[in-house]
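This report goes through a few local features of one protein model with a ligand. The sequence and the structure are shown first.

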Amino acid sequence: MQYCCYKKNKLYFEDTSLLSLAEEFGTPCYVYSKAAITQSFKEYKNAFGSRSHLICFAVKANSNIAILNLLSKLGSGFDIVSGGELQRVIAAGGDPKKVVFSGIGKTKEEIKFALSVGIYCFNVESYGELDCIEDVCKQLNKTANISLRVNPDVDAKTHPYISTGLKENKFGIPWKDAIPMYKKAKESMHLKIHGIDCHIGSQMLDKLPFIDSVNRILRLSDDLQKIGIKIENFDFGGGLGISYENEIPPKPKDWVDSLIKAMGDKTNRILLEPGRSITGLAGIILTKVEYIKKGEDKNFLIVDAAMNDLVRPALYQSYHQMKEVIKPEDSEGQIFEVVGPICETGDFLGKNRKLALKQGDFLAIMGAGAYAMSMASNYNSRGRAPEILIEGGTSTLIKKREKPEELFNDEIIP
Ligand code: LLP
């Protein structure tokens, strides 16, 4: 997928010049490509063909309602982890009946809200939560579809902060509790057993741990079948990685093909909850060089984007490619630490980058379509950057830049 490339020495995203965008909307800003999002969603969809499935985009990856609206129109369902995300899905025109509710700490109010709009399924993560959902159902005289998110104790071989399927992780129901909990759920008049769910981690580059978890879940469903508990849906979570630097992750088709192969003759409905692999490479951050500072050991490129706009490098030491918006023909560039203006040594966006840039030039940071704006903060009273969706040569503002006064409007001097 190459939607961001040079034409002569100017960087374009689809047919839109990034220089014109930076000048029109100011920096920093997030820019997303409609074609890139559409393509990656369709790669998943086409891989399933006529097989019964539901792709539930993980809203936490990119929760702008214009992006959710685009995905909803393409037929996507949604994986949510809060009442706020559910409100976004509804505001975006998404269908609550295609929503799965994940997360370990759903509150009573969130459960009520989800039941009242009729979501597809709750992915339950503990006994306490199962009891809470049952109580709320009793009060409202409703029945909830539930899947148990089991922890298959599989190492996703990814960064420890985004690995979720090991028994030491806080996620999922311990393997040994799965069958007793299914039995308990079966006894309830207010709970309808819908399926089994798991999600073992994010930015996975290797199919094997994923397929390992699939096989374990399939064996669990056979064991449940033997005691009269029928599983209709399998939700195998998200987690497929993308190429930030030079990684070679499997393609969605390959991921789905292997999954379908592992299913053997089972024809149950399959759910997936991809986030990063749908929007990650479809977004960039545009930023301006404010200053160049020559240190004793290192040269710093001080840009106007910071860790509040993209926290991934600081939090996971993650790598994001960087490209000059105008590539000079006469300069080789030099090695920089690319840093933001926030008062933290951890506020860096890239280390050891060879770039040909001077004060006032623009830089594009790749791989910022997932877990970038959705993890942005207002640290240092920085308003969050605007978001722009492009389609061919047309650009549309899909979120305005936050003004500093909006950040303290709700504060009260007693
Ligand atoms: N389903 C569940 C239950 C999840 O917890 C997640 C991600 C997903 C689906 C989507 O996973 P994806 O397909 O996007 O890998 N902030 C981190 C990533 C945290 C992922 C949390 N859960 C990052 O920037 O790398």
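## Basis

The model is predicted, and local features are reported only where pLDDT is at least 70.

## Helix 4

Helix 4 spans residues 83-91, and its buried residues are G83, E85, L86 and V89. These residues lie on the same side of helix 4, because they cover an arc of only 155° around the axis. An α-helix has 3.6 residues a turn, so residues three or four places apart point the same way. The face turned away from the buried side of helix 4 carries Q87 and A91, both exposed.

The cover over the buried residues of helix 4 comes from several elements, including helix 3 (65-73) and helix 5 (108-117). Strand 6 (77-80) and strand 7 (99-101) are also among them. Just after helix 4, G93 has a positive phi of about 85°.

## Ligand site

The ligand is surrounded by 19 residues, of which S202, E273, R312, Y316 and Y371 are the closest. Sorted by class, this shell has 6 nonpolar, 7 polar and 6 charged residues.

An N or O atom in the side chain of Y316 is 2.7 Å from a nitrogen atom of the ligand. In the case of Y371, a polar side-chain atom lies 2.6 Å from an oxygen atom of the ligand. The ligand exposes 590 Å² when taken alone, and the protein buries 92% of that.

## N268, a buried loop residue

N268 sits in the loop between helix 9 (252-263) and strand 13 (269-272). Is N268 buried or exposed? Its relative accessibility is 17%, and the limit for buried is under 20%, so N268 counts as buried.

Leaving aside residues up to four places away in sequence, N268 touches R51, S52, I231, E232, F234 and M263. S116 lies 152 residues from N268 in sequence, and their C-alpha atoms are 27 Å apart in space.

## Backbone features in loops

T27 and P28 are joined by a cis peptide bond, with omega about -5°. P28 belongs to the loop between helix 1 (18-25) and strand 4 (29-33).

Two further loop residues have a positive phi without being glycine. D153 has a phi of about 55° and is found in the loop between strand 9 (144-151) and strand 10 (173-174). For Q317, phi is near 55°; this residue is in the loop between helix 11 (312-316) and strand 16 (322-324). How exposed are D153 and Q317? D153 counts as partly exposed because its relative accessibility is 31%, whereas Q317 is exposed, with a relative accessible area of 58%.

Key
Residues numbered from 1 in each chain as written. Predicted model: local features only at pLDDT ≥ 70, side-chain atom pairs only at ≥ 80, totals over all residues. Heavy atoms only, no water. Buried < 20%, exposed > 50% of the residue type's maximum accessible area, 1.4 Å probe, protein only. Helix = DSSP H or I, 4+ residues; strand = E, 2+ residues; numbered from the N terminus. Arc of directions from axis to C-beta. Contact = heavy atoms within 4.5 Å. Near = heavy atom within 4 Å. Polar contact = N/O pair within 3.5 Å; in protein donor to acceptor, adjacent residues only side chain to side chain. Areas by Shrake-Rupley, 256 points an atom, 1.4 Å probe, with all protein chains shown as cover. Nonpolar A, V, L, I, M, F, W, Y, C, P; charged D, E, K, R; others polar.
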